[in-house]
Amino acid sequence: MICDYLTVTMAPESEHEIRSELDKILFAIGAVSVTDELFRVGQSGTFRRTARQGFVALGASGMALQSLRDKSLYEDYLSVLGSVPHRVSKMDIAHDVQKSAPRLLRAIYNRAKKTGVHLTRKKISPDNISRILKPCPWGDDTGTVYLGSRKSEVHCRVYDKRFQIFCSSAIDIGHELTRYEVSISFKAGATLHAAHSPDALFWHYMGDILPTPANAPVYS
């Protein structure tokens, strides 16, 4: 289980204070500056700096975060962000299972529409349950199921990770892989601590979507 997207907001003066340390980390993983506000890592990883009135948003994609992990710099990155006043405005937590996505997607979508599912205490409105399916080269139609409004504090999607990798890179990993991904805002508990150790927060919201392991940590 990993943090697969992270956006942190802070005051411009705080971002200025840590900019040199962030630049060192980006240089260490081979990030290339496209503009002053966009860095690319590898084929698809990105770091974005978005300046808005009164604050700066620093966003890191899943591939960018993975590059940090590969270079053992992920904790350093979080530490630098945490050294100044900040807010985690968006965090995606991803969990992969090696099971058939088409079957799981059908089951989740049908259950959500018929009996309802919830991420928070309130059941997700049927209007905020949708799916996108496409023909798959090796079997049934597959794709993504969306649960919850993107405007809400918590929403999730479940999708065929094997198919997604194939569509983006033309590489078939050769085995079934389904990804459960929950997006969490600051108001719903997204913090840098959760970005470092996301399991408890993931299961806190996803326990009705995916069976929770007996040894899963409890969010408090």
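Predicted model: local features only at pLDDT ≥ 70, side-chain atom pairs only at ≥ 80, totals over all residues.
Student: Helices (H or I, at least four residues) and strands (E, at least two) are DSSP runs here, numbered from the N terminus. With that in mind, where does F186 lie?

Tutor: F186 is in the loop that runs between β10 and α6 (192–196). Residues are numbered from 1 along each chain as its sequence is written, and side-chain values use heavy atoms, with hydrogens and water left out.

Student: OK, and why does F186 count as partly exposed?

Tutor: Because its relative accessibility is 38%. Buried means under 20% relative accessible area, exposed means over 50%, and partly exposed is in between (1.4 Å probe, protein chains only).

Student: What does F186 touch, leaving aside neighbours within four places in sequence?

Tutor: R87, V88 and S89. Contact means heavy atoms within 4.5 Å.

Student: Switching to T7: buried or exposed?

Tutor: Buried, because T7 comes out at 13% relative accessibility. T7 is part of strand β1, and beyond four places in sequence T7 is in contact with A57, L58, G59, R87, V88, S89 and K90.

Student: Which residue in β5 is the bridge partner of T7?

Tutor: G59. R48 also has G59 as its bridge partner in β5.

Student: How do the strands around β5 pair, then?

Tutor: Strand β1 (residues 2–10) runs antiparallel to β5 over 5 bridges, and strand β4 (residues 45–52) is antiparallel to β5 over 6 bridges. Two strands pair if DSSP finds at least two bridges between them. Strand β5 (residues 55–60) is mostly covered, with 5 of its 6 residues buried.

Student: Which residue in the β4–β5 hairpin takes a positive phi?

Tutor: G54, near 90°, in a hairpin with 2 residues between the strands.

Student: New topic, the core. Which members of the largest nonpolar core touch the most others?

Tutor: L6, F47, Y77, L81, M91, L147 and Y180, out of 61 residues. Helix α4 (residues 101–114) gives the most to this core, with 6 residues. A nonpolar core is a set of buried Ala, Val, Leu, Ile, Met, Phe, Trp, Tyr and Cys residues joined through side-chain atoms within 4.5 Å. As for L81, its contacts beyond four places in sequence include L6, L22, L58 and H86.

Student: And the largest pocket, how much space lies in there?

Tutor: About 670 Å³. Of the 23 lining residues, S44, G62, M63, K161 and Q164 are closest to the centre. A pocket is an open set of points on a 1 Å grid over the protein atoms alone, where a 1.4 Å probe fits, with protein on both sides within 12 Å along at least five of seven lines; lining residues have an atom within 4 Å of a point. The volume is the space filled by probe spheres set on the points, which are joined across faces, edges and corners.

Student: Which element gives the most to that lining?

Tutor: α5, with 5 residues.

Student: Which residues of α5 are buried?

Tutor: K161, R162 and F163, in a helix spanning residues 161–169. The elements covering them include β7 (129–136) and β8 (139–147). After the helix comes A170, with a positive phi near 65°.
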